[in-house]
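Here are my notes on the model, as numbered points. They start at one side chain and then widen to the interface.

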Protein chains: 2
Amino acid sequence: MDVFDAISKRASVREYKEKSIEKALLEKLVDAGRRAPTARAVEPWEFVVVTDRGTLKKLGQIANTGSFIKDAGCCIAVYCKETKYYLEDGVAATENILIQAAGLGLGACWVAGDKKPYTEEVSLLLGVPPEMKLISLLSLGWPKDEPMQKKNRSLKDVMHWEKF
Amino acid sequence: MDVFDAISKRASVREYKEKSIEKALLEKLVDAGRRAPTARAVEPWEFVVVTDRGTLKKLGQIANTGSFIKDAGCCIAVYCKETKYYLEDGVAATENILIQAAGLGLGACWVAGDKKPYTEEVSLLLGVPPEMKLISLLSLGWPKDEPMQKKNRSLKDVMHWEKF
């Protein structure tokens, strides 16, 4: 899919079909993630790809804003080593995965990680060392319905030429 | 360009041809930026698109890690209102612009904004209210050479199945 189409089609999708996601596609998603820009060439990211139904159910319980993870085909937990720009790097990787998912026709929803009280419990469940920072939990699946993209702010509203 | 190709081709490009970037392409970049995901549907972003040579030169002087902005065809300054997830939202918009730029054959380099001592001076130059947070300065231009993508960490190294 064309890059602008994928960027435009990306939307939060929280309802999925009961169809699993092939391993090759999951690898493509993480491959997109690891190609993100990284400050000082650190590449601080790690990606935990969860497809086990029991673990997905537990993630949906732990992450209170991501209860729909329980029905997802997969959840990718994006982690970073704590560096000065860990959040920038981890979010860039997160966004790469989301755009690539849209390009493959997958639905996805970004569930917040950083600054959330449940990060410790998620790390414990996934066996991630406590010093790693959880950036995001990406719930993924084949969308039940056509995703709806809602944006209120127009290009004219957000774009400023030369000065604010 | 296909979305995975654009993600793969994106690399830091700091040397540009003396050719300007058409207005329609700059609008497409910001249009990609504003389509990023945003926590709680706030859409806190503003994009200042600088093409004036004098301002580009000043930006290159102020941002010590982005001296090459002086020779860029354009610099997009990504700002966000200060919300709980301003950095996540602003970085997602930043990454959308970078991927879209790669998709158009443009070269780009992400110069850090958040946490940098020069943010105040940049905001003053661009007439941005001091309460707005500078996320990134995106230096853009037609690449002088073929961009080189260097990634040391392989897919196998960063991808973990089910557990870390």
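1. The backbone oxygen of A:Glu43 is 2.8 Å from a polar atom of the B:Arg153 side chain. The backbone oxygen of A:Trp45 also lies 2.8 Å from a polar atom of that side chain. A polar contact here is a pair of N or O atoms within 3.5 Å; within protein, one must be able to donate a hydrogen and the other to accept it, and residues adjacent in sequence count only if both atoms are side-chain atoms.

2. This is a predicted model, in which local features need pLDDT of at least 70 and side-chain atom pairs count only at pLDDT 80 or more, while totals for chains, interfaces and linings use all residues. Residues are numbered from 1 along each chain as its sequence is written, chains are lettered from A and ligands numbered from 1 in the order in which they are written, and side-chain values use heavy atoms, with hydrogens and water left out.

3. B:Arg153 sits in the loop between strand E4 (133-141) and helix H6 (155-158) of chain B; helices (H or I, at least four residues) and strands (E, at least two) are DSSP runs numbered from the N terminus. B:Arg153 also forms a salt bridge with the side chain of A:Glu46, at 2.7 Å from N to O. The term covers a side-chain nitrogen of Lys or Arg within 4 Å of a carboxyl oxygen of Asp or Glu. Between chain A and chain B the count is 4 salt bridges.

4. Is B:Arg153 buried or exposed? B:Arg153 counts as buried because its relative accessible area is 15%, where buried means under 20%, exposed over 50%, and partly exposed in between (1.4 Å probe, protein chains only). Leaving out residues up to four places away in sequence, B:Arg153 touches A:Arg34, A:Glu43, A:Pro44, A:Trp45, A:Glu46 and B:Val158; contact means heavy atoms within 4.5 Å.

5. For the interface as a whole, 66 residues of chain A are in contact with 66 residues of chain B. The two chains bury about 6200 Å² between them, 59% of it on carbon and sulfur atoms. Buried area is the accessible area (1.4 Å probe) that two parts lose on being put together, summed over both. A:Arg153, A:Glu162 and A:Phe164 supply 12% of the area that chain A buries against chain B, more than any other three residues.

6. Across the interface there are 38 residue pairs in polar contact, both residues being at pLDDT 80 or more. Elements giving two or more residues to the chain A side include helix H1 (3-9), helix H2 (23-34) and helix H4 (86-103). H4(A) gives the most, with 10 residues.

7. Strands also pair between the chains: E5(A) and strand E1 (residues 45-50) of chain B run in the parallel sense over 3 bridges. Pairing requires that DSSP finds at least two bridges between the strands. Within E1(B), B:Phe47 is the bridge partner of A:Met159.

8. B:Asn96 belongs to helix H4 (residues 86-103) of chain B. B:Asn96 counts as buried because its relative accessibility is 0%. Apart from residues up to four places away in sequence, B:Asn96 touches residues of both chains, among them A:Ile7, A:Glu95, A:Ile99 and B:Ala32.

9. Away from these points, A:Tyr16 is in the loop between H1 and H2 of chain A. A:Tyr16 is buried, with a relative accessible area of 6%. Its side chain reaches the backbone oxygen of A:Val13 at 2.6 Å and makes a polar contact with the side chain of A:Ser139 at 2.8 Å.
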